[in-house]
Amino acid sequence: MKPKVLISPDTMNIPEDVSAVLKEYADVEYVKRPYDDKLEGVEAIIVGTEPINAEFLDKAPELKLVARFGVGYDSVDVEECTRRGVIATHTPEVLSSGVADHTWAMILGHSRHIPLAGLHTRNRWAKREGSVPFGWDTEGKTLGILGLGRIGLEVLKRSRGFPLKVIYHDLLRREDYEDEYDVEYVGFDELLERSDILTVHVDLNPSSRSIFGVNEFEKMKPTSVIVNTSRGPVVNESALIDALREGKIGGAALDVFETEPTPLDNPLLSMPNVLVTPHIASASWETRRKMAVRSTGNVLSYLKGERPPHIVLEQRDKEFPLRQ
Ligand code: 8YV
């Protein structure tokens, strides 16, 4: 009997020609939500952002591999997986470029109110009704990058085509990038104080949760724009709403939210200085295909009795029995 592999609906449908490589080794099933009743006997699963916790793992006693379709794995309880001998993998690198593109689309989209301008062109321009508010230029501004990892670096590289000063903060100082990309290292408070555009590229963990709260918005410029394509809970949403209402900061561009999908009555959705997209920073044909290849590749390695190449950091030095 071949091992059972599931592909969760939250992976945005991995193309069948990509998952076809698994069929020689496993019975592969694309499942629809809810799929709890399908977990019995499953050895490997490719998942989206649904929580992989003790409750989930209890329903899948044969599970040996959780392959995240994505780079962030805050939705996976890695400690619990490790305790149960379940390998967790993710898809680093392949989406950095696409997410950086989307980050820049949001920065520039915000700078010229592109969503609003589109609505105005369609519905009001010919009637000579109202106008689109003036936007802002990048020239002479300071871009602050929080987190100069793989995605932050791609955002930095793109910024070098703009007349911007760039500063960054990270737990790890990257002197190698400072000369190469003319970027200045600053402390977190200085990043808050000096950035006109502050873009966030950190993973969600206990120390990054709510790193933007009342005190942080207090330190920012009243004209500054916060851009978040990382994880919603990094920003305390009610503090952000208050900061925008009170003019503590000038605007926000958000691809991610504390709760997803974000409720229709989220006040952020009706603020004209807030640009929003529905967690689609990696949603290009090219990037999603590369993520599909990478997540499927991790499952394939496991099925062949090899150690999967993209095991999450916390499990990298752990030994797992390989498939015979
Ligand atoms: C995906 C992401 O949209 O990579 C991540 O961590 O958040 C996004 O690329 C998400 O993982 C879909 O499953």
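Is lysine 38 buried, partly exposed or exposed? Partly exposed, with a relative accessible area of 31%. Keep in mind that this is a predicted model.

Let me stay with that lysine. Lysine 38 makes a salt bridge with glutamate 29. The closest N and O atoms are 2.8 Å apart. Glutamate 29 is also partly exposed, at 29% relative accessibility. By the rule used here, the count of salt bridges comes to 26. I will pick out a few.

Next pair: aspartate 137 and arginine 112. They form a salt bridge, and the closest N and O atoms are 2.8 Å apart. This pair links distant parts of the chain, 25 residues apart. Aspartate 137 sits in the loop between helix H5, residues 114–123, and strand S6. Arginine 112 sits in the loop between H4 and H5. Aspartate 137 has 43% relative accessibility, so it counts as partly exposed. Arginine 112 has 41%, and counts as partly exposed too.

Glutamate 218 lies in helix H9, residues 214–219, and lysine 248 lies in the loop between helix H10 (237–245) and strand S11 (251–254), so the pair ties together parts that are 30 residues apart in sequence. Glutamate 218 is partly exposed at 47% relative accessibility. Lysine 248 is partly exposed at 26%.

There is also a network. Salt bridges with shared partners join Asp58, Glu80, Arg83 and Arg84.

Now to the nonpolar side. Which residues touch the most other members of the largest nonpolar core? Val5, Leu143, Ile145, Leu156 and Val299, in a core of 48 residues. Helix H11, residues 285–303, gives the largest share, six residues. Domain 1 covers 4–94 and 285–315, and domain 2 covers 96–276. Both give residues to this core, so it lies between them.

Take valine 5 from that list. Leaving aside residues up to four places away in sequence, valine 5 touches Leu22, Ala26, Asp27, Val28, Glu29, Ala44, Val299 and Leu303. Glu29 is the salt-bridge partner of lysine 38. Val299 is on the list of core residues that touch the most other members.

Leu156 takes us to helix H6, residues 150–159. How many of its ten residues are buried? Seven, so the helix is mostly covered. The buried ones are Ile151, Gly152, Leu153, Glu154, Val155, Leu156 and Ser159. What do they pack against? Two helices are on the list: H4 at 96–111 and H7 at 175–180. The strands are S6 at 142–146, S7 at 165–169, S8 at 183–185 and S9 at 197–200.

Last item, the surface. Leu264, Leu269 and Val276 form a nonpolar patch there. Together they have about 290 Å² of accessible area. Leucine 269 is in the loop between S11 and strand S12, residues 274–276. Its relative accessible area is 33%, so leucine 269 is partly exposed.

To recap: we had 26 salt bridges, a 48-residue core that lies between the two domains, a mostly covered helix H6, and a nonpolar patch on the surface.

Methods
Residues numbered from 1 in each chain as written. Predicted model: local features only at pLDDT ≥ 70, side-chain atom pairs only at ≥ 80, totals over all residues. Heavy atoms only, no water. Buried < 20%, exposed > 50% of the residue type's maximum accessible area, 1.4 Å probe, protein only. Helix = DSSP H or I, 4+ residues; strand = E, 2+ residues; numbered from the N terminus. Contact = heavy atoms within 4.5 Å. Salt bridge = Lys/Arg side-chain N within 4 Å of Asp/Glu carboxyl O. Patch = residues over 30% accessible without salt bridge, like charges linked within 9 Å, V, L, I, M, F, W, Y side chains within 5 Å. Areas by Shrake-Rupley, 256 points an atom, 1.4 Å probe, with all protein chains shown as cover. Core = buried A, V, L, I, M, F, W, Y, C linked by side-chain atoms within 4.5 Å. Domains from an automatic or database assignment.
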